[in-house]
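Dear colleague,

Please find the structure below for your review. My notes on its pockets and on one helix pair follow.

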Amino acid sequence: VPPACGRTLRAAPPRAPECRVATPRRPTAVGGSCRRAASQPSRRHPPHPPAAQGSKVADVETPALLVDMEALEENLQRMAKIMEGYPHVALRPHAKSHKTVEVASLQMQQPQTVGVACQTVSEAVTMSDTCGDVLLSNEVMSPAKARRLAAVARRGCSISAVVDSGVAAEVLASAARTEGVRLGVLVDVNVGQDRCGVDTEAEVVGLASDISKMDELHFRGIQAYHGGAQHLRSQAERASAARQVADIARAAVAALKECKLECEVVSGGGTGTFELDAASGVFTEVQPGSYIFGDADYARNLGEDGLPVKDWRQSLFVVATVISRNIAKGRVVLDAGLKAVSYDSGPPLVHGWQEDAVEVSSGGDEHTILRVKRGDLPSLGDRVLLVPGHCDPTVNMHDYLLAVRGDSVEAVWPVAARGPGV
């Protein structure tokens, strides 16, 4: 090849081909990979709703959570009618049952309703979008959670929370100080459930006194809630438990009064006892939640006549599809399992069937098994309505609640406050 300088270069002899051995790549550090992935924008789409507004119920993708709007509205009206008998008692429905802003909005339109109760900070933050007064009926020991709660108060929502220790009160006070707000506080009283709450009148007075000395907190009263009493089966059992709750709450209020600590709020009660609590003359507000939907467990509560309580219509259902059928064994399998319906209070019921006509059991995460004892087997592709054993955790499994009227989907509501309890 003639170079630019004019000299002739001698070509190099050809090389023998090399045998290359592949060298294993050094593995990428997991942390680095995760950091790169975290820095990239998320491509996750919102959960796909099982139906669109205006769809036919027959076209809903299953499993899906449905609410019968006619039944829900009847339950709202029935609650308002019952509360007319207790004009000096306010209604504070518990949002942990529905976790849905749209249902809370309907509840807030009812007479005597002063706000909602929530069990988690996430629920409280979500419900503050539609409710101007929120009670967190649970203790908070996380400074981060307390700051989120206080931030809601800074936006203008009246926020109260319950405590059963001075440490929890200081966590709230610190968050309120950071956000420049004042939070309402109720002392949580153990009235028989042995979960949270202080045990003695002296503890109630001592904690209330400490709270009243904190500038960032406003002592408002006490919470006296007995969850276990809601599910005692006979009316006599529930009435007896409610009397004990009222006696403990009354003694706590008297002890506070004696120490010149004003107790403006006595909050508690649930769907099983709220009317007994309202009639006690002690409670200033009640917190029923499940009445709006109903479930298989509450359906087993009995009234004074010894028959199932008839105050509420079942409005909440999980719709499922028959995906497998075994005629010889009298068995069908549905496409709704532990991811779609709660079993913590027992298996769901099949709507429209006698309870002894079918045995319902879990088939795992995605399946429920029906063993039919009487009647014809449903066909492949048939839809089945399940009545959840426990409405609260069942709702928590779903991204959407389909508001149904007749055979049409009237609205698609996000279950905005669902989650593990952050």
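The lining of the second largest pocket divides into six nonpolar, 19 polar and seven charged residues (nonpolar: Ala, Val, Leu, Ile, Met, Phe, Trp, Tyr, Cys and Pro; charged: Asp, Glu, Lys and Arg; polar: the others, Gly among them). The model is predicted, with local features needing pLDDT of at least 70 and side-chain atom pairs counting only at pLDDT 80 or more, while totals for chains, interfaces and linings use all residues. Residues are numbered from 1 along each chain as its sequence is written, and side-chain values use heavy atoms, with hydrogens and water left out.

About 500 Å³ of space lies in this second largest pocket (a pocket is an open set of points on a 1 Å grid over the protein atoms alone, where a 1.4 Å probe fits, with protein on both sides within 12 Å along at least five of seven lines; lining residues have an atom within 4 Å of a point). Among its 32 lining residues, Lys96, Gln119, His390, Asp392 and Pro393 are the closest to its centre. The helix α10 gives the most to this lining, with three residues (helices are DSSP runs of H or I, at least four residues, numbered from the N terminus).

The largest pocket holds about 990 Å³ of space. Of its 40 lining residues, Tyr298, Ala299, Asn301, Pro308 and Val309 are the closest to its centre. Its lining comprises 18 nonpolar, twelve polar and ten charged residues, and α9 gives the most to it, with three residues.

Finally, the crossing of α5 and α6 is right-handed (the near helix is turned clockwise from the far one by less than a right angle).

Yours sincerely

Key:
Helix = DSSP H or I, 4+ residues; strand = E, 2+ residues; numbered from the N terminus. Points joined across faces, edges and corners; volume = space filled by probe spheres on them.
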